[in-house]
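Please read them with the structure open.

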Amino acid sequence: MPLSINPATNETIASYEEYTPERIRSILDSADAAFLSWRKTSFLERSEKMFKAAQVLRNRKFEFAHLMTTEMGKPITQAEAEVEKCAWLCEYYAENAERFLADETIMTDASRSFVTLQPLGVVLGVMPWNFPFWQVFRFATPALMAGNTCILKHASNVTGCAFAIESVFREAGFPIEVFRTIITPGSQVADLIKLPIIKGVSLTGSTPAGISIASAAGSVLKKSVLELGGSDPYIVLKDADLKASAEACVTARLINGGQSCIAAKRFIIEQPVYRDFVTLFLEIMRSKIMGDPLDRETDLGPQARMDLREELHLQVEKSIEQGASSIMGCVIPEMPGAWYPPSVLINVEPGMVAFDEEMFGPVAAIISAKDENDAMMLANLSDFGLGAALFTADIEKGEYLAKHSLQAGSCFINSFVKSDPRLPFGGIKQSGYGRELSHYGIKEFTNIKTVYCK
Ligand code: NAP
């Protein structure tokens, strides 16, 4: 039975019944039937509804932010910003979907030949708890604007958010069947994917879930988009503005309790500035306030679940056994709830858990690099390839390294990595495949169809 537990207090907020296979089947059937009429609606009609969804999000921002904060512990100011960002995303695709999906004429030996992008049908979204609104809108908004219908299987600890999102689309005037939530555990997803009604699947989640979903989708040759984990390197070169770099690095490590796929995870610092960087980094980390996530002054709330906090601490302990040194935090506080303090490990090297695995929490792994080449080698020495950030005064060099050297889906120079509706988002290697957002994202669940007329 899925439970929503406030991770700040360990109190159970709500419990939900899993849906029976018959109930899920009936929801899928209605989504399939609804697709036949939804795909025929005009872009104007879809846009009007999507603009309304943005308005509903803004009108109910405080309610939704409060729900996110109590279900998974993110600081309330960050939850409010997340709702605003979802509204922006809805408006972005409401404004641009028709242009992104316009037919493209191509000159050939035909009297007319063109490419048209047509929806696929019912798309399943398997979503994580860490950005419980943003990740869902990122999947559903372009899919709906392209004429697909959506089924949401949200993470089991944020079922309240799943129903709240469903209510946004209803209040905005979308037909009920075009976006539906189902309550089912991750272990049932592979079987769902194999049902003929499901035409594609989008997962945002961990690499193990990605492997399971890609295998199920591959076994029936269905389209999948996978947004998985990351261990983003943040490289600070010796010519960088150290204070600005340290500030960006701390923000990128602590945002959302450190539980972001594109959080800064490995800090790779060129040797000549290593000591000064660590001093500045510690100073800024110490100024951050861990506390009640509903308090507007809070920078760091609890971790989202007790089991995830335990897992993080085991990774920290293992890294220390392997030779890393703790210089801040790394101790579980004695209080109820899934708390973990801002923590810093130095002397981290390849082969240690803190280097090789994704650390999904407020633990910084600081690594010393001999020089720029060594820094790039260390950055790429990872199974992941989601985001990367590089700090340097030499923008031309930064662009060159971002373009030619860094193995990642997004490279940011002198800034922390962030998602933006206008820019494609996704990874390479174990961070997944496919892209969300921008014009690339809306094309993922379409049939890129060639029409040739002689
Ligand atoms: P997770 O455990 O993989 O769960 C994500 C979703 O997948 C949940 O709905 C979960 O359902 C389901 N699931 C779990 N195991 C499954 C399986 N074997 N087969 C099918 N579905 C399965 O990940 P999480 O802990 O919620 O989220 C954290 C992870 O997501 C991190 O690795 C993070 O980096 C990644 N992430 C990536 C991005 C990106 O854009 N690349 C963005 C955000 C997060 P249940 O809850 O019912 O288990």
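Predicted model: local features only at pLDDT ≥ 70, side-chain atom pairs only at ≥ 80, totals over all residues.

1. The shell around the ligand counts 30 residues. Arg138, Ser156, Ser206, Leu228 and Glu358 are the closest of them. By class, the shell splits into 15 nonpolar, eleven polar and four charged residues.

2. Which elements each supply at least two residues of the shell? They are helix H5 (134-145), strand S8 (198-204) and helix H8 (207-219). H8 gives the largest share, with three residues.

3. A backbone N or O atom of Met127 lies 2.8 Å from an oxygen atom of the ligand. For Gly186, a backbone N or O atom is 3.2 Å from a ligand oxygen atom. Ser212 uses its side chain: a polar atom there lies 3.2 Å from a nitrogen atom of the ligand.

4. How much of the ligand does the protein bury? Taken alone, the ligand exposes 900 Å², and the protein buries 86% of that.

5. Next, a sheet. Three strands form an open sheet in the order S3-S4-S20, and the pairing is antiparallel. Strand S3 (104-105) and strand S20 (446-453) are the edges. Each has a single partner strand, so one side of each is left without a neighbour in the sheet.

6. Strand S4 (residues 112-119) runs antiparallel to S20, and eight bridges join the two.

Methods. Residues numbered from 1 in each chain as written. Heavy atoms only, no water. Near = heavy atom within 4 Å. Polar contact = N/O pair within 3.5 Å; in protein donor to acceptor, adjacent residues only side chain to side chain. Areas by Shrake-Rupley, 256 points an atom, 1.4 Å probe, with all protein chains shown as cover. Helix = DSSP H or I, 4+ residues; strand = E, 2+ residues; numbered from the N terminus. Nonpolar A, V, L, I, M, F, W, Y, C, P; charged D, E, K, R; others polar. Pairing = 2+ DSSP bridges.
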